[in-house]
Amino acid sequence: MKNETEKYYVVEVRWTGPDNMSGRYIDFDRYEVTTEPPRNASGDIQLYGWLGPNGDVSRYAHGVYEIQTAAEYAIIKMLDGECRRHDELDAAMELGVVALYRPGTYTPMSDEALGNYIFESVENEEVCVHDGTITQEQMGRLVNDLRTLLHENGCDASEDRIDEMLIEIIECMYA
């Protein structure tokens with residue numbers, strides 16, 4: 001049974017350091033619903049605004065709510081529905097976290113994972129590259145096909161990143 005005085009707080013945790021496209025930090029940003037009130041760098045409870053940095057991580061408070069569902073709805077609304085609930089609460093670093101959301105509908109891929117995925121897709125002929133000669137129109141279709149495959153697997157990458165890596169992989173495979 002819920003403690004009558006328990007409140008729920010929304011805290012945004014954002015990676016602000018370098019290397020944000022590496023596998024370790026690419027999906028680091030998160031929104032936490034926690035039963036612990038957010039505290040600023042001075043240790044004071046702060047319900048709204050920037051809480052300060054901790055190394056390469058910045059934290060932001062986004063309010064207090066009477067029930068957990070209201071706090072979760074606030075996150076979904078804040079991100080215009082472009083988020084996903086993350087079930088691995090061990091990914092949260094703070095005590096009292098009861099729900100965790102990641103921005104974006106799909107999990108972003110690191111450069112290394114994306115490169116491997118594109119290579120395997122070309123090698124296994126999930127996307128067709130017949131002889132390595134591709135027109136701009138064909139390249140656009142290949143990028144769209146790859147992005148569709150990524151989405152089907154719950155992942156995402158920008159069209160520009162897919163395009164760049166696809167060119168590199170085709171050049172290596174058909175050199």
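Which residues have the most contacts inside the largest nonpolar core? The legends below begin with that core.

**View 1. The largest nonpolar core has 20 residues.** L114, I118, L150, I162 and L166 have the most contacts inside this core. A nonpolar core is a set of buried Ala, Val, Leu, Ile, Met, Phe, Trp, Tyr and Cys residues joined through side-chain atoms within 4.5 Å. Buried means under 20% relative accessible area, exposed means over 50%, and partly exposed lies in between (1.4 Å probe, protein chains only). Helices α2 (111-123), α3 and α4 each supply at least two residues of the core. The largest share, six residues, comes from α3. Helices (H or I, at least four residues) and strands (E, at least two) are DSSP runs, numbered from the N terminus. The model is predicted: local features need pLDDT of at least 70 and side-chain atom pairs count only at pLDDT 80 or more, while totals for chains, interfaces and linings use all residues. Residues are numbered from 1 along each chain as its sequence is written, and side-chain values use heavy atoms, with hydrogens and water left out.

**View 2. L150 and its contacts.** Leaving aside residues up to four places away in sequence, L150 touches M109, L114, Y117, C155, D156, A157 and I162. Contact means heavy atoms within 4.5 Å. Another core, of 10 residues, lies apart from the largest one. V10, V33, I75 and L79 are among its members. In soluble globular proteins, nonpolar side chains tend to be buried together.

**View 3. Helix α1, its buried face and its cover.** A71, E72, A74 and I75 are buried in α1. Seen down the helix axis, the buried residues of α1 fall within an arc of 155°, so they line one face. The arc is that of the directions from the helix axis to the C-beta atoms. T69, Y73 and K77 are exposed on the other side of α1. The cover over the buried residues includes β1, β2, β4, β5 and β6 (97-103). D80 follows α1 and has a positive phi, near 50°.

**View 4. K7 pairs with E66 in a salt bridge.** A salt bridge is a side-chain nitrogen of Lys or Arg within 4 Å of a carboxyl oxygen of Asp or Glu. By this rule the count is nine salt bridges. Between K7 and E66, the closest N and O atoms are 2.6 Å apart. K7 lies in the segment before β1 (8-15) and E66 in the loop between β4 (57-65) and α1 (68-78), so the pair ties together parts 59 residues apart in sequence. K7 is partly exposed, at 30% relative accessibility. E66 is partly exposed too, at 48%.

**View 5. R84 pairs with D27 in a salt bridge.** Their closest N and O atoms are 2.5 Å apart. R84 lies in strand β5 (residues 83-85) and D27 in the loop between β1 and β2 (30-34), so the pair ties together parts 57 residues apart in sequence. Are these two residues buried or exposed? Both R84 and D27 are buried.

**View 6. R147, D156 and E159 form a network of salt bridges.** The side chains of E159 and R147 meet at 3.7 Å, N to O. E159 lies in helix α4 (residues 159-173) and R147 in helix α3 (residues 136-152), so the pair ties together parts 12 residues apart in sequence. E159 is partly exposed, at 40% relative accessibility. R147 is partly exposed, with a relative accessible area of 22%.
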